Amino acid sequence: MSRTIKVRVVDKNGYGLSGYRIKAYGGEELRTNRDGTALVDADGSTVTIFVNGRTEYAGSVSRCPNPLVIERS
(Lines give C-alpha, C1' and ligand atoms only; values in the text may rest on other atoms or scores of the structure.)
Protein backbone atom coordinates (compact mmCIF):
# COMPACT_ATOMS: atom_id res chain seq x y z
CA MET A 1 0.00 0.00 0.00
CA SER A 2 1.26 3.44 -0.89
CA ARG A 3 1.06 6.62 1.17
CA THR A 4 1.58 10.15 -0.09
CA ILE A 5 3.70 12.35 2.15
CA LYS A 6 3.69 16.11 1.70
CA VAL A 7 7.19 17.54 2.15
CA ARG A 8 7.46 21.28 2.84
CA VAL A 9 10.76 23.14 2.78
CA VAL A 10 10.52 26.47 4.62
CA ASP A 11 12.80 29.26 5.76
CA LYS A 12 13.16 30.33 9.41
CA ASN A 13 10.02 32.48 9.06
CA GLY A 14 7.90 29.61 7.72
CA TYR A 15 7.81 30.76 4.09
CA GLY A 16 8.05 28.03 1.44
CA LEU A 17 11.26 27.67 -0.57
CA SER A 18 11.01 26.60 -4.22
CA GLY A 19 13.38 24.49 -6.29
CA TYR A 20 14.65 22.13 -3.59
CA ARG A 21 15.31 18.56 -4.74
CA ILE A 22 13.15 16.00 -2.92
CA LYS A 23 13.63 12.26 -3.33
CA ALA A 24 12.45 9.13 -1.59
CA TYR A 25 14.92 6.26 -1.71
CA GLY A 26 14.24 4.32 -4.92
CA GLY A 27 11.82 6.94 -6.22
CA GLU A 28 12.02 9.76 -8.71
CA GLU A 29 13.47 13.14 -7.89
CA LEU A 30 11.00 15.99 -7.47
CA ARG A 31 11.37 19.74 -6.93
CA THR A 32 9.46 21.87 -4.47
CA ASN A 33 6.92 24.20 -6.05
CA ARG A 34 6.63 27.94 -5.38
CA ASP A 35 5.00 27.18 -2.01
CA GLY A 36 7.91 24.92 -1.00
CA THR A 37 5.84 21.74 -1.33
CA ALA A 38 6.42 18.39 -3.04
CA LEU A 39 4.39 15.16 -2.79
CA VAL A 40 6.34 11.95 -2.24
CA ASP A 41 4.81 8.51 -2.79
CA ALA A 42 6.09 6.06 -0.17
CA ASP A 43 5.67 2.37 -0.95
CA GLY A 44 6.32 -0.28 1.68
CA SER A 45 6.63 0.08 5.44
CA THR A 46 9.77 2.24 5.62
CA VAL A 47 10.90 5.34 3.77
CA THR A 48 13.99 7.50 3.50
CA ILE A 49 13.42 11.05 2.30
CA PHE A 50 16.25 13.23 1.03
CA VAL A 51 16.25 17.01 0.59
CA ASN A 52 19.06 18.20 -1.72
CA GLY A 53 20.86 14.90 -1.10
CA ARG A 54 20.71 15.08 2.70
CA THR A 55 18.68 12.52 4.67
CA GLU A 56 15.84 14.32 6.45
CA TYR A 57 13.68 11.35 7.49
CA ALA A 58 14.35 7.64 7.70
CA GLY A 59 11.88 5.32 9.35
CA SER A 60 8.38 3.99 9.38
CA VAL A 61 5.96 5.35 6.80
CA SER A 62 3.10 5.30 9.30
CA ARG A 63 5.11 7.37 11.83
CA CYS A 64 6.35 9.94 9.33
CA PRO A 65 4.88 13.40 10.00
CA ASN A 66 2.53 14.49 7.25
CA PRO A 67 3.33 17.18 6.28
CA LEU A 68 7.05 16.69 6.85
CA VAL A 69 8.35 20.23 7.39
CA ILE A 70 12.05 20.88 6.81
CA GLU A 71 13.53 24.24 7.82
CA ARG A 72 16.40 25.64 5.78
CA SER A 73 18.06 29.02 6.13
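The model is a predicted one, in which local features need pLDDT of at least 70 and side-chain atom pairs count only at pLDDT 80 or more, while totals for chains, interfaces and linings use all residues. Residues are numbered from 1 along each chain as its sequence is written, and side-chain values use heavy atoms, with hydrogens and water left out.

The chain has zero helices and seven strands, so defined that helices (H or I, at least four residues) and strands (E, at least two) are DSSP runs numbered from the N terminus. Along the sequence this gives the pattern β-β-β-β-β-β-β. The radius of gyration of the chain is 11 Å, which agrees with the value near 11 Å that a compact globule of 73 residues would have; this radius is taken over C-alpha atoms, and the globule rule is 2.2 Å times the number of residues to the power 0.38. Taken along the principal axes, the C-alpha atoms fill a box of roughly 35 × 20 × 20 Å. Of the 73 residues, 34% count as buried, and among contacts between residues at least 6 apart in sequence, 50% join residues at least 24 apart.

Strand 4 also holds L39, which, leaving aside neighbours within four places in sequence, is in contact with T4, I5, K6 and L30. The C-alpha atoms of L39 and R8 lie 8.9 Å apart, although the two residues are 31 apart in sequence. In strand 1 (residues 2-10) the reader finds V9, which is buried because its relative accessible area is 0%. With neighbours within four places again left aside, V9 is in contact with residues including Y15, L17, I22, V51 and I70, and its C-alpha atom is separated by 9.7 Å from that of N33, 24 residues away along the chain.

The largest pocket contains about 220 Å³ of space. On a 1 Å grid over the protein atoms alone, a pocket is an open set of points where a 1.4 Å probe fits, with protein on both sides within 12 Å along at least five of seven lines, and lining residues have an atom within 4 Å of a point; the volume is the space filled by probe spheres set on the points, which are joined across faces, edges and corners. Of the 16 lining residues, A24, G27, E28, V40 and D41 are the closest to the centre of this pocket. Strand 2 (21-24), strand 4 (37-43) and strand 5 (46-51) are the elements that give two or more residues to the lining, and strand 4 gives the most, with five.

Most residues other than glycine have a negative phi, and most peptide bonds are trans. N52, in the loop between strand 5 and strand 6, has a positive phi of about 50° although it is not a glycine, and at 31% relative accessibility N52 counts as partly exposed. P67 is placed in the loop between strand 6 (54-60) and strand 7 (68-71), and the peptide bond from N66 to P67 is cis, with omega near 15°.

How values were computed: Buried means under 20% relative accessible area, exposed over 50%, partly exposed in between (1.4 Å probe, protein chains only). Contact means heavy atoms within 4.5 Å.
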